[in-house]
Each structure stands twice: as C-alpha cells, then as structure tokens.
Amino acid sequence: MTNLYQVLTPKGELLENIEGKLDEKMMVTMYEQMVLVRAFDRKSINLQRQGRMGTYAPFSGQEASQVGSALALSPGDWLFPTYRDHAASIVHGQTMERIFLYWMGHMEGSISPDNRRIMAPCVPIATHMVHAVGTAWASKLKNEKHVSIAYFGDGATSEGDFHEALNFAGVFKTPTIFLCQNNGYAISVPFSMQSASETIAQRAAAYDIKGLRIDGNDIFAVWLTVKEAIERAFAGEGPTLIEAITFRYGAHTTADDPKKYRDQDRLSEEWRTQRDPISRLNIFLEKRGLWDESKEAALQEKVGIDIENALVAAESYPKSKPEDMFKHVYAEPSWMAIEQERELPKRGVKVGIHA
Amino acid sequence: MSRKLTIIQAITEAMDQKLAEDQRVMLLGEDIGINGGVFRATEGLIEKYGADRVVDTPLAEAGIIGSAVGLGLNGMIPIVEIQFLAFIYPGFEQIVSHAARMRYRMRGQYNVPMVIRTPYGAGIRGPELHSESVETLFAHVPGLKVVVPSTPYDAKGLLISAIEDPDPVIFLEPTKIYRAFKEEVPEELYRVPIGKARVVQEGEDLSIFAWGPMVRVAEEAAKQIEKEHGYSCEIVDMRTIYPLDRDTIVDSVKKTGRGMVVHEAHKTAGMGAEIISIINDEALVYLKAPIKRVTGFDVPVPQFSIEDDYVPTTDRVKTGIIETIQF
C-alpha cells in the first residue's frame, strides 16, 4: 500500500512519539467506544435475524475509522453519516435507542439529539457530501469554529457528487472533512474495478486540497489525522480528503451474501487476525498498564447492559402511527395531504393505532 | 413449451435469450456480474456471456446511463439495471436531457435504443428510498416509454419488446411480487406489445385501472366485493403507462359506466389524473359516478413500520369500489 500513514501497528507497537498529542485517557476512551460499537453491531445483526429489526448494514471491522474520527470532533461539529456509520453517530452523541428505531423502520429513527448536529443517515451514495460543504461554508460565513464531516465509502468516489463536493470545498475553502472508509468493496465490486486510480487520496491533488491515506484500522492514526484536518480547517486552509483503509468483516447488509463475490472466510479471517482495530489497541493498552482482564470484564458487562437498556427503550418506544406519515412534509401541510389524512379512517386505515 | 416462472425468472430469461440472440445486447449495472444483481435478476449471465457483455460498472448512475446513451448511439443495445428506482436520480439528467431527446434533436438521424430496468414499489420492509413509485416523473418526459409488468408472462414479453424498441424504455419491475407467484411462461422468445393494456377480468359495474403490484390488490378487492355485494368489476392492467392504451380504457368505461384508478404513486399528478382526463375526453356521457382514485398519499413513502398504511390495500380499494358503485 502506498504511503499509508500508521501510528499503531497491528501488533500494538507505536511507530511515532505521540506524547503530548494523545493522552492516556483518550486512548482508553477509544478502546471503550470501539468495544461498545462492536457489541452494538453484533446485537443489531442478531435482532435482524430474529425479525425484531429490518435490513441492517453492519460496520464491524471499521470501528477505528468511525470511532477515531468522531472522537476528534467537538460537540457542535456537523456529522453526515451514511447507513453504515452508526458507530460514528453513537460516538458523536446519537443514542443507540435512536439507531435501533431507525433500523426498526420507525418514523423517528433519524432525529438528532438536540445538542448535536447529526444528520439522517444518507441512503443514496455520495449525495450528502455536498451538504457537508454547505454546512461548513455557512460555519465559515458565520465565523463559527465548527467543521463538517462527511462519511462515505470507496464506491461513493465514483459518483459525480463526490467530485463536485471536493471541488466546491476547494474553491470556497470550506472547513469540511471528507472521511472515506475504503473497505475495498462497494457491495460486490472491488476497488480495482471501481477505479483505475491507485488510491482515493490522490484525487485530492486534482482539486489542490489536502489528501491523506491512512491505516483506517489504526485509531491513533485516524484520530491524529482528523485532529490535524480540523486545525487546518480552522486556519482557513480548507478541506481535507482522508482515505482510511479498512475492511467490513461481514456483509454489505443483512440482505447480502458476501460469499457470492469474495473469498469471505479467508479475507474476514485475515483482517480479523492480522489487522483488527480493537485487538491492537488492547495489546497496546495492556503493555502500557492501562488495561487488564478485570477492566475488560467490567467493560463487557457495562456494554451489554447499556445496549440492552437501549433496546428495551427502543422496543417500548411508542410505535409509529399511520397518521405520522402526514407530519413534517411541510411547515404547513398542503390541503391535499390534509384531506387525504382526514379520509384515512374512512379508507379502512386504523388511525391512532400503533403499527 | 412453457413452464412456471416467477417475474424475476421471466426477466432473467428475457435478457438471457436476447443476449444469446443479438450480439448488440449488453447489460450494465452495479453488482450485476458475479453477484448476479441485488435481486439476482442477472444471476448466471456473466458466466454465460462474459464481463464485456454483462458489465459490473463503477457506482455511478449518471455514468451508467450516460455511457449507455453513447453505447446505444454507436450500435449497441444497452440494458441498464438501477438497483432501486430511487437511486436513479443521479442519472436523471442523462435520461431526461439526453436519452429522451436524442432522436428529436438529431431529427431522427440517431436514436437511443436502451432499456433501464429498475425495481420499484413498497411492501418489502426496505429502508428509506427503497420503496418509491415515481413512474409519473418518467411518463411526463416526452421521448420515454414507461412499462410496468405485473405478471411473469408479461414481464418476459414486455422486456423483449422493450429491448427491441428503437427508443428508450423505462422498465419498472414490481419488487414486492418479484417472487410472489409463478405462472406459465413460454420458453421461446415472444413479444407483448408496448402500449397495450390487458383486461384481467371482465365485469359490468365498474372498471378498475391498475398496474404493477396494484393489479393483484385490485383483483383481491374485486373478488371480495363480488362475494360480499354481488358487484362485478372489470380489471384492466395498463402494462404500459406511457403511451397509455386509450382504447381499452374508453371501451371499458363505456361498458361499465364507472371508473377507478389504483396506483401506489402519490395521488397528486399521478397517472390516475391522466386516465381520468382520457375518460373525460372520450366517455364523459357514459359515466354514472365520479371516477375514483385509490392511491399512495402526497407524502414521502414512510419508513417501513407504517408503509402498509401508505400503499393502497384491499380494504381501501373495496371502500372505493362501494363508494363509486353506490354513488
């Protein structure tokens, strides 16, 4: 891999001196958050299998990219996730309850916490990247010290909106961070078939913006790179394109079968055993005396309880009602929609009954 | 010879047979190669025809549809798969400004023979933007034909007609009933003409016009109404929504004196309004009641926990039938 920035090796060794840049408290937080979101991911897959949730997009394997980048943000920063970035959303302050609701098909599953700016997960590909240009642009115009971060995958870099976003951000020097999790596959299509470009980071050169290629499974590298990107943005130097090399261990979604298009067992095993983001930090923390088996046991227990509580809250949350679909289409509903809603009971729809 | 196939199997077979028959035919789309498409419509085709004719493209709908315009201009017959109808919008410009207008702007010197296949409609508990019915957007664009099969037989015959059509065809496949049932489908190549509706069942009291997954909903409602009230409904599967089969609409309404349109798309500016307009022009004096619309609402298709309340149901159709006949 060309010019891959790495700080923490898969064996848990430090490649550079990070004293004064990254404190031990943050290192432990990184670990705790990655363990939490991985457990959340596993739980979600199980819930889908049990029919308690709809189709779900797992992210396991990509925890360092999402957790590391989101931990580098401040509460007021804007976050534009895709349907695979719930880990970033959770770390930035979204509740797990809310994310469960989203995948349960609830009408209120993508509301941001009041004190955060976490946008609804983007379902089309790359289309939210331009929004992160706009919000960052407005922050700049208003002299507010906030960045906007857009998450996307390697497949997204083929869409026109990817290029338009980078170009706009370059022209208007917006404080935008473009965080590409290059997990090697857009559903079934490997990056080698997605583009003749060797890297995604090199695309930045075309727009004369900063482009960096990092080990996306090294949470130190991710965190440090995003921190630098934020400083660059606040110094008026504009956007950064970060290509974080990673791998999704599982399927594209629970409706996908990766065995159809890749040597799933071998690849998944290889990444899990040789490049896992969590185990390398675990090794590092233990060596440094920051972590041990009893802390691990306590964490696992806490994580299990937190997720269970979130699930209970989601499953006992009042279900969406038929008439909820008519709310929030406009500030003032159209007369057509008002009449259609009024006709619901006449049409045999049980208004007021939770689905 | 025939055997029983599902809609998705009929679609695969139509593409398979046209790929075999005509070297100009090629498939383009995301994950249509080794993965066989997200709904498996292209299963096995890359193995049979190779990666030059069954092409896994980069993830870029404008790129896929735009390059298909060029392929079509230069002698190929591209069949494009878009994974879900709501993912077509990056390619919308290519469809509207180019595919639909090339013949017109070149005054017939060039044409764009292409088919854009895409699953559409709700009812599969899909995440957001996996359930839309925005056929009107395409029906409104001169230069496009819009085809919606509701049965395996029609799916194969219409897709073959679409592939052989000299102009761009938007081919909307009802996701919910891809695998819902099987019916006899001939093994050989055959055509179902674009622009011709099909009378699913004859009736005396009311004409119901529907397409895609709503045909089965209308059939079920009509069956129950007949049993419960003794009314007989005529059901017309439009099959093509642009150009509409005016004669079949008008003949049916002249016979029954009442009309109703069932579509999953939003009500306002839906194709129901266009069908009503045709009846207004051609058969107004035959009407005994206002023409009823049972449709999706003027709201985005909601998240899946309440999507069944958005889509017209048998009950909603039955209520509409009673209101119209007892007007």
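These legends go with close-up views of a predicted model.

**View 1. The two domains of chain A.** Let's start with the overall layout of this chain. The domain assignment divides chain A into domain 1, residues 24-317, and domain 2, residues 319-355. The C-alpha centres of domain 1 and domain 2 of chain A are 35 Å apart.

**View 2. The largest nonpolar core.** Welcome to the inside of the model, where the largest nonpolar core counts 191 residues. Which residues have the most contacts inside it? They are I208(B) and A218(B). Helix 9 of chain A, residues 219-234, gives the most to this core, with 10 residues. Another core, of nine residues, lies apart from it and includes M325(A), A337(A), V299(B) and Y310(B).

**View 3. The surroundings of I208(B).** Here we zoom in on one residue. Setting aside neighbours within four places in sequence, I208(B) is in contact with A218(B), A222(B), C233(B), E234(B), I235(B), V236(B), M260(B) and V262(B).

**View 4. Helix 8 of chain B.** Helix 8 of chain B runs over residues 214-229, which makes 16 residues. From first C-alpha to last, helix 8 of chain B reaches 21 Å, close to the 22 Å expected at 1.5 Å a residue. Just after this helix, G230(B) takes a positive phi of about 80°.

**View 5. What covers helix 8 of chain B.** Among the buried residues of helix 8 of chain B are M214(B), V215(B), A218(B), A222(B) and I225(B). Which elements cover these buried residues? They include strand 9 (198-201), strand 10 (206-210), strand 11 (233-237), strand 13 (259-266) and helix 12 (314-325), which belong to chain B.

Methods: Residues are numbered from 1 along each chain as its sequence is written. Chains are lettered from A and ligands numbered from 1 in the order in which they are written. This is a predicted model: local features need pLDDT of at least 70, side-chain atom pairs count only at pLDDT 80 or more; totals for chains, interfaces and linings use all residues. Domain bounds come from an automatic or database domain assignment. A nonpolar core is a set of buried Ala, Val, Leu, Ile, Met, Phe, Trp, Tyr and Cys residues joined through C-beta atoms within 7 Å. A residue is buried if 20 or more other C-beta atoms lie within 10 Å of its own, exposed if 12 or fewer, and partly exposed in between; C-beta atoms are placed from the backbone. Helices (H or I, at least four residues) and strands (E, at least two) are DSSP runs, numbered from the N terminus. Two residues are in contact if their C-beta atoms, placed from the backbone, lie within 7 Å. The expected span of a helix is 1.5 Å times one less than its number of residues.
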